[in-house]
Amino acid sequence: MPENRIVLRNCEIINPGRISTYLARDGFQALSKARNMKQDQVIEEIKASGLRGRGGAGFPCGLKWELAKNAPGNEKYVICNADEGEVGTFKDRYILENDPFTLIEAIAIAGYAIGTRQSYIYLRAEYHYLLESLMKAIDQARKRGFLDGFDIDIREGAGAYVCGEESALMDSIEGKRGEVRYRPPFPPTEGLWGKPTIINNVETLMNIPQIVLNGAEWFSQMGTERSKGTKVFSVSGDVKKPGVYELVLGSQLKELVEDLAMAEKVKMIQIGGATGRIIPYSMIETPLSFETILGAGAITVYNESRDTIDIIYRTLEFLAEESCGKCSPCREGTEALVEIMGRFSRGEGETRDIIVLEQLSQAMMLSSLCGLGQAAPTPVMDSLQYFRDAYENRVREKQGGVPV
Amino acid sequence: MSKTPRGISTQSKKQENLLVLLKEAQSRHGYLVQELLAELAQSLGISNGEVYGAATFYAFLSTEIQGRNVIRVCKSLPCFLKNSQLIIDSVEQEIGIKPGQTSTDGKFTFQLTNCIGACDKAPAMMINSNVYGDLTPRRISAILKACE
């Protein structure tokens, strides 16, 4: 399946500093069309399109909007999650750099649909250098009268991976430590300051104007049964052409990694960043979709020279450092995983450590409070499934045996 | 805009502004002094613990003295695969301090950081808010010499 630029349709075509270049590409026509529709009609269109969240969890976007719209109360919020912190992800940065206007239009449509005049973009601290151009873009939209009393305020993070998790993100906007919340209640009923809130990833929102303009049917023709539209991937690591690629959902991993990014002698691929899946080269023909493997679209490629144990160890070190510390399965579990992986890394691992890794992983998946702790064991479990030899060889080496 | 003795602007007393106020205070004083945190808590009407908790939670806030140029070399895997260790060693050689340290002249703080979203330009680092990618030892030397 081919590359197809829907989310990135304006990137490197318009001038992100000049709204006129965006208007020449149908800019803000979707917003004006949406405002001539009933709120429910807009939501129905998004629901019918099959658009699912692009931040990793894949929750149906239209359903989220409907829940917030139907929640009681007049005070509601739209939040755009621009806290792109997943290791190996930079697609949202690319979007913000190249096409802030589509995002602004999409946020305004979301605001209209759920019935609010207040929205926030939560921008990670590492992207502070994008703040000025983003504010200028909002200002231009406002001056042209497109926002019509609708407020888009930018709130900056201060350096915390976990704040990309929606409940931690809301706590951060409220001026607190970015710790995750117990759920339910979910944000569409009780979110920011306890009010109904929708939180959408940058990329999810980027799809909205085109869906409103071209209709749900146009959008849902692309992709697989449960994964409609396209996905933007950030490809890095052992590839000749790292960068951002947009493919129709259901495209093969092989097409992305070998044909577009030009990877050679691939050993394994990490899909979805630190908490994502790790698969061996033999699975390179896997289609990329919600039904199979996707995450937020971070693709880190490792060639045959890379040490699996070392990669997993470093991944776990990252997660232990970024655990918010609120729940013990994650706080203590990630530390324990680092300790055990460290032993394997130093050649001190034992057979019983493998069993502990598996048991601990199961416990963390079942009992952690949020996606970080629930998915932290994924790289461990995947590597034990596909690269068990790497662990067992370390044990053999320690016992003075010959690796197989 | 009213001012507290140490010059923290308190245009709003809602906790919502805590992170902004902490960043403001940090850019004014270089880091977050203990007494300042207490003053901030009082002016916002929240506990010292709440303020200290936030101040120590986020990687870009510091309760320890920081240099004028905070160098953050990315240590995450995409940069690691592009030999970020060489970048770390080069910075160390250029400015004579190790990760986690601040130079005695107050010019540099050297830190390692997690993914900064510049993996397509790996290896990468930040100095204050600026991102530098496709780093080489030679380029690092030039970048650091240009710092004031």
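Two strands are taken as paired if DSSP finds at least two bridges between them. Strands are DSSP runs of E with at least two residues, helices are runs of H or I with at least four, and both are numbered from the N terminus. On this basis, chain A holds an open sheet of five strands in the order β6-β5-β9-β7-β8, with mixed pairing. The edges are formed by β6 (243–248) and β8 of chain A; each has a single partner strand, so one side of each is left without a neighbour in the sheet. The twist averages 25° from one strand to the next, with axes fitted as lines to C-alpha atoms (for helices, over the stretch in contact) and angles running from 0 to 180 degrees between N-to-C directions. Within the sheet, β7 (residues 266–271) and β9 (residues 298–303) of chain A pair in the antiparallel sense over five bridges. A:I269 stands opposite A:V301 in β9(A).

The model is predicted: local features need pLDDT of at least 70 and side-chain atom pairs count only at pLDDT 80 or more, while totals for chains, interfaces and linings use all residues. Residues are numbered from 1 along each chain as its sequence is written, and chains are lettered from A and ligands numbered from 1 in the order in which they are written.

A second topic is the parallel sheet of chain A. Four strands form this open sheet in the order β3-β2-β1-β4. Here β3 (151–156) and β4 (197–201) stand at the edges, each with a single partner strand, so one side of each lacks a neighbour in the sheet. Neighbouring strands are turned by 20° against each other on average, direction ignored. Six bridges join β2 (residues 118–123) of chain A to β3(A), and the two run parallel. A:Y120 stands opposite A:D153 in β3(A).

Domain bounds come from an automatic or database domain assignment. Chain A is divided into domain 1 (19–220), domain 2 (230–303) and domain 3 (308–398). The C-alpha centres of domain 2 and domain 3 of chain A lie 23 Å apart. Their contact (C-beta atoms, placed from the backbone, within 7 Å) takes nine residues from domain 2 of chain A and 14 residues from domain 3 of chain A. On the domain 2 side, strand β8 (residues 277–280) of chain A gives the most, with four residues. In chain B, the assignment gives domain 1 (1–65) and domain 2 (69–145). The centres of these two domains of chain B, taken over C-alpha atoms, are separated by 28 Å.

The contact between the chains takes 34 residues from chain A and 30 residues from chain B. On the chain A side, β5 (230–237) and α12 (308–322) each supply at least two residues. The largest share of that side, six residues, comes from α12(A).

The largest nonpolar core has 162 residues. Such a core is a set of buried Ala, Val, Leu, Ile, Met, Phe, Trp, Tyr and Cys residues joined through C-beta atoms within 7 Å. A residue is buried if 20 or more other C-beta atoms lie within 10 Å of its own, exposed if 12 or fewer, and partly exposed in between, with C-beta atoms placed from the backbone. Helix α6 (residues 100–114) of chain A gives the most to this core, with 10 residues. A:I109 is among the residues with the most contacts inside the core. In contrast, A:S32, in helix α2 (residues 29–35) of chain A, counts as exposed because it has 11 C-beta neighbours inside 10 Å.

Definitions and conventions:
Contact = placed C-beta atoms within 7 Å.
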